[in-house]
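Try each task before you read on.

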Amino acid sequence: MNMPPSPSGDEHIDGSSVRLGALVPLTRPGWVEAGRHLLAGLDLAVREVNDAGGIGGRPLELVVRDTAADPERAAAAVEELAGLGVAAVVGEYHSVVARAAAARADSLGVPFLCSSAVLDALTEDPTEWVARLAPAQSHGWRIYADFLLGAARRRIAVVTQPSVYWASGTHVLRDHLAPRGGTVVELDANALTPEALCDALVDHGGTALLLLVGHPEPAVPIVRAVRGDRRLAEILIGAPAGQPEFAEWVAALGEDGSGIPFLRYLPERLGLLGERVGKELRERLGEAPSFVAFEGWDTVIVLASVLRSHGTDRAAIAESWPRVAVEGTRGPIRFSRTPGISVWQGAWAPIQVVERDPAEPDRFRILHVG
């Protein structure tokens with residue numbers, strides 16, 4: 001689905017627009033709610049940039065393309081956007097999709113600022129063209145593993161589906177837990193019914209089950225089955241990838257969806273900028289903004305700063321990553337080279353392990369801070 005460009009903003013801005021391509025999952029099988037929050041943040045920031053005079057008097061224009069969680073579609077969108085003359089590409093939530101987009105952006109010489117995807121190996125080889133705001137998976141998931149250890153959960157089962165993202169997460173968990181007395185066993189979501197999965201968990205004697213699977217299928221029926229099995233009353237269900245962050249999780253699972261710890265990239269308390277942007281995002285979304293919406297806003301603000309300082313030349317934008325110093329909604333944003341990561345990495349956004357409060361599922365409880 002091709003989306004129309006966003007309105008460019010106030011009438012006082014003149015001249016041809018500076019275009020940013022935006023990759024967002026807006027239809028299934030993409031995580032549509034995450035895409036809606038990401039786009040809300042991107043679009044709000046574009047409007048604010050234009051209200052402040054745009055880029056040297058030129059309006060900033062967002063040209064949105066729906067990736068639908070399809071890597072090939074994302075790569076084709078990057079090529080199309082490059083042909084449309086965008087100064088840079090932003091966005092994307094799904095890691096495997098962002099990886100395809102990053103590879104195509106690198107090959108075409110188009111700057112890509114990835115908002116939300118966390119896979120460490122966003123490109124096969126080091127690149128100057130790609131930067132990322134979200135913390136790398138290895139960083140965040142090690143913090144999640146520390147939370148499990150602190151909660152005395154050392155016999156970990158992961159129910160997973162074939163994906164480089166889930167495989168990478170399992171590898172991070174195993175490498176971090178094994179030297180500290182933890183074990184990780186993998187259960188195949190495609191081979192086991194939810195009921196058979198419960199039997200396997202009982203046989204394993206696991207103290208935690210981590211959902212490394214898609215949402216709503218098969219995550220929702222797995223949670224229902226485990227919650228309904230008295231043999232597993234003491235097991236902790238976890239979702240490091242953040243499935244419980246969004247309202248549709250509660251809509252699907254009700255009380256069963258609470259008490260499931262996940263990673264969230266927010267500080268314990270937002271500053272004045274974060275509070276102000278959060279209020280605007282809440283009005284746009286009709287609900288509390290997720291960290292993904294803040295990532296969207298921060299993405300555009302970083303690019304606007306770069307465009308004002310270094311112009312719209314693509315090479316100049318890519319060369320600017322190490323000189324970025326911008327105040328974002330969740331703290332200062334800077335990019336650096338991080339060992340083992342092939343792109344310019346924002347180091348690091350705040351990381352929490354949180355859960356929905358069983359007594360009040362619309363409220364989040366912070367369990368651990370990294």
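**Exercise 1. Work out how helix H4 and helix H5 pack, and what meets at their contact.**

Step 1: H4 covers residues 137-150 and H5 covers residues 164-177; helices here are DSSP runs (H or I, at least four residues), numbered from the N terminus. Their axes sit 9 Å apart, at an angle of about 50°. The axes are lines fitted to C-alpha atoms over the stretch in contact, and angles run from 0 to 180 degrees between N-to-C directions.

Step 2: That angle makes H4 and H5 oblique to each other, because under 35 degrees counts as roughly parallel, over 145 as roughly antiparallel, 65 to 115 as roughly perpendicular and the rest as oblique.

Step 3: On the H4 side you'll find Gln137, Ser138, Trp141, Arg142, Ala145, Asp146 and Leu149. Among their H5 partners are Tyr165, Trp166, Gly169 and Leu173. Contact means heavy atoms within 4.5 Å.

Step 4: Sort the contact residues by class and you get eight nonpolar, six polar and two charged. Ala, Val, Leu, Ile, Met, Phe, Trp, Tyr, Cys and Pro count as nonpolar, Asp, Glu, Lys and Arg as charged, and the others, Gly among them, as polar.

A quick note on ground rules: this is a predicted model, where local features need pLDDT of at least 70 and side-chain atom pairs count only at pLDDT 80 or more, while totals for chains, interfaces and linings use all residues. Residues are numbered from 1 along each chain as its sequence is written, and side-chain values use heavy atoms, with hydrogens and water left out.

**Exercise 2. Follow Trp141 into the largest nonpolar core.**

Step 1: Leaving out residues up to four places away in sequence, Trp141 touches Leu212, Pro240, Ala241 and Leu263, among others.

Step 2: Trp141 is one of the residues with the most contacts inside the largest nonpolar core, which has 78 residues. Such a core is a set of buried Ala, Val, Leu, Ile, Met, Phe, Trp, Tyr and Cys residues joined through side-chain atoms within 4.5 Å.

Step 3: Helix H10 (residues 291-310) supplies the largest share of this core, 12 residues.

Technical notes. Buried means under 20% relative accessible area, exposed over 50%, partly exposed in between (1.4 Å probe, protein chains only). Helices (H or I, at least four residues) and strands (E, at least two) are DSSP runs, numbered from the N terminus.
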